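Colleague: I would like to learn how to read a model like this one, feature by feature. Could you take me through it?

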Amino acid sequence: MTSLKAGTLAPNFSLPSTPDQKVSLSELRGKSVVLVFYPADWSPVCSDQLGLYNELRPEFSEFEAQIIGISVDGIWCHLAFAKDRKLHTPLLADFEPKGAVARLYGVYNEKSGEAERALFVIDPGGVIRWSYVSPVGINPGADGILRALASMAEHKNSRTAQEVTPFPSQEKA
Amino acid sequence: MSLSGTLAPPVSKFDHAQGHANAPVTLVEYGDYQCPYCGAAYPVVKRLQHALGNRLRFVFRNFPLTQAHPYAMVAAEAAEAAALQGKFWEMHDLIYENQPDLAPDVLLAWAEEVGLDLKEFGTAIKQGEVTKRIKEDRMSGIRSGVNGTPCFFINGTRYDGPAENDSLRTALEEQLSKEEL
């Protein structure tokens with residue numbers, strides 16, 4: 001299975017984040033989104049990784065990026081895990097049909113029946129700008145995510161500058 | 001590989017370092033003063049320094065995990081404020097040696113124990129310069145691929161093995177033999 005690459009339109013999905021709420025990727029258009037696929041709640045590396053992203057929310061929020069965790073664990077498992085680790089990032093349950101969203105992104109591991117440890121940075125227009133599949137035992141850190149977000153912000157700024165210059169009068173309004 | 005795990009910025013004179021600047025191997029730790037794994041790594045690093053002597057330089061950078069560890073930031077501030085009086089390592093060591101007792105109100109007593117000018121110490125913390133440095137350290141850690149604490153870099157490359165004496169020693173010796181070729 002090959003993971004989706006930069007430049008691909010991120011496939012839409014809708015998955016439960018709580019027993020009575022769902023999150024759709026399409027609802028997040030206009031925002032940068034970081035999808036964090038991970039094998040399982042509670043396993044040591046995943047918790048370090050999500051704990052790190054939880055810690056780095058101030059750094060991520062500078063880019064107005066929404067971080068979302070996705071694994072094949074059920075919603076009650078996610079809730080207990082998030083409560084125990086004091087995680088404030090939404091965790092989505094790719095539980096039924098199992099791993100369907102991980103498959104859509106090309107990061108489902110048939111052998112283990114879990115998602116790979118994979119990162120996707122999606123721009124406000126819904127296009128994947130950066131993706132990375134980490135060896136399962138290695139926590140990939142946050143440098144790749146932040147580099148992708150920073151380069152997207154740079155692009156946006158230079159585009160805005162080009163758009164603004166021909167219409168200087170708009171600034172007055 | 002798009003994830004490099006490479007130390008940025010490299011070690012400079014602004015870092016807190018022990019050992020020779022031209023030692024063949026530099027071990028950098030990104031650490032959190034309240035993190036129990038960093039507490040466990042503290043004697044490991046001491047042992048490595050003892051074993052490798054002049055061949056090893058050790059550098060400590062701040063990576064406080066403030067959500068998980070409410071005292072990590074104040075402890076880092078205390079160590080950085082001590083650094084302004086030339087006593088970074090004294091404070092760093094005292095905090096790790098007494099990690100179970102770490103709390104905001106004992107830091108002043110520790111500052112006194114280390115022999116700091118308490119007025120200057122208090123002012124340095126209030127002025128926020130030390131906090132700025134800690135945040136810069138943390139950002140440099142994020143950019144370098146720090147993925148938890150403690151996180152070690154050997155001559156600028158992230159070390160992904162366990163923070164234990166034997167495996168760290170092996171990795172450092174391997175680097176040494178490369179450098180000495």
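Colleague: Let me begin with strand S8 of chain A: how many of its six residues are buried?

Modeller: A residue is called buried if 20 or more other C-beta atoms lie within 10 Å of its own, exposed if 12 or fewer, and partly exposed in between, with C-beta atoms placed from the backbone. Strands (E, at least two residues) and helices (H or I, at least four) are DSSP runs numbered from the N terminus. In strand S8 (residues 117-122) of chain A, six of the six residues are buried, so the strand is largely enclosed by the rest of the structure. One caution on sources: this is a predicted model, where local features need pLDDT of at least 70, side-chain atom pairs count only at pLDDT 80 or more, and totals for chains, interfaces and linings use all residues. Residues are numbered from 1 along each chain as its sequence is written, while chains are lettered from A and ligands numbered from 1 in the order in which they are written.

Colleague: Which residues of S8(A) point one way, and which the other?

Modeller: In a regular strand the side chains alternate between the two faces of the sheet. Here A:Arg117, A:Leu119 and A:Val121 point one way, A:Ala118, A:Phe120 and A:Ile122 the other, and all are buried.

Colleague: What are the pairing partners of S8(A)?

Modeller: Two strands pair if DSSP finds at least two bridges between them. Strand S3 (residues 32-37) of chain A runs antiparallel to S8(A), with five bridges joining them; there, A:Leu35 has A:Phe120 as its bridge partner. Strand S9 (residues 128-134) of chain A is also antiparallel to S8(A), over six bridges, and A:Val133 stands opposite A:Ala118. S8(A) and S9(A) form a hairpin with five residues between them, and A:Gly126 in the turn has a positive phi of about 90 degrees.

Colleague: Moving to chain B, what is the strand order in its open sheet of five strands?

Modeller: The order is S1-S3-S2-S4-S5, with mixed pairing. Strand S1 (16-18) and strand S5 (157-159) are the edges, each pairing on one side only. Inside the sheet, strand S2 (residues 25-31) and strand S3 (residues 56-62) of chain B are parallel over seven bridges, and B:Val25 has B:Leu56 as its bridge partner in S3(B).

Colleague: Is B:Gln18 buried or partly exposed?

Modeller: B:Gln18 belongs to strand S1 of chain B. This residue has 16 other C-beta atoms within 10 Å, which means that B:Gln18 is partly exposed. Contact requires C-beta atoms, placed from the backbone, within 7 Å. Leaving aside neighbours within four places in sequence, B:Gln18 is in contact with B:Gln49, B:Arg57, B:Phe58 and B:Trp89.

Colleague: Which residues touch the most other members of the largest nonpolar core?

Modeller: A nonpolar core is a set of buried Ala, Val, Leu, Ile, Met, Phe, Trp, Tyr and Cys residues joined through C-beta atoms within 7 Å. The largest has 86 residues, and A:Val36, A:Phe37 and B:Ala75 touch the most other members. Helix H2 (residues 72-83) of chain B gives the most to this core, with eight residues. Beyond four places in sequence, the contacts of B:Ala75 are B:Tyr33, B:Gln34, B:Ile95, B:Leu102 and B:Leu107.

Colleague: How many residues does each chain give to the contact?

Modeller: Chain B gives 14 residues and chain A gives 18. The model scores ipTM 0.78 and pTM 0.85.

Technical notes
Contact = placed C-beta atoms within 7 Å.
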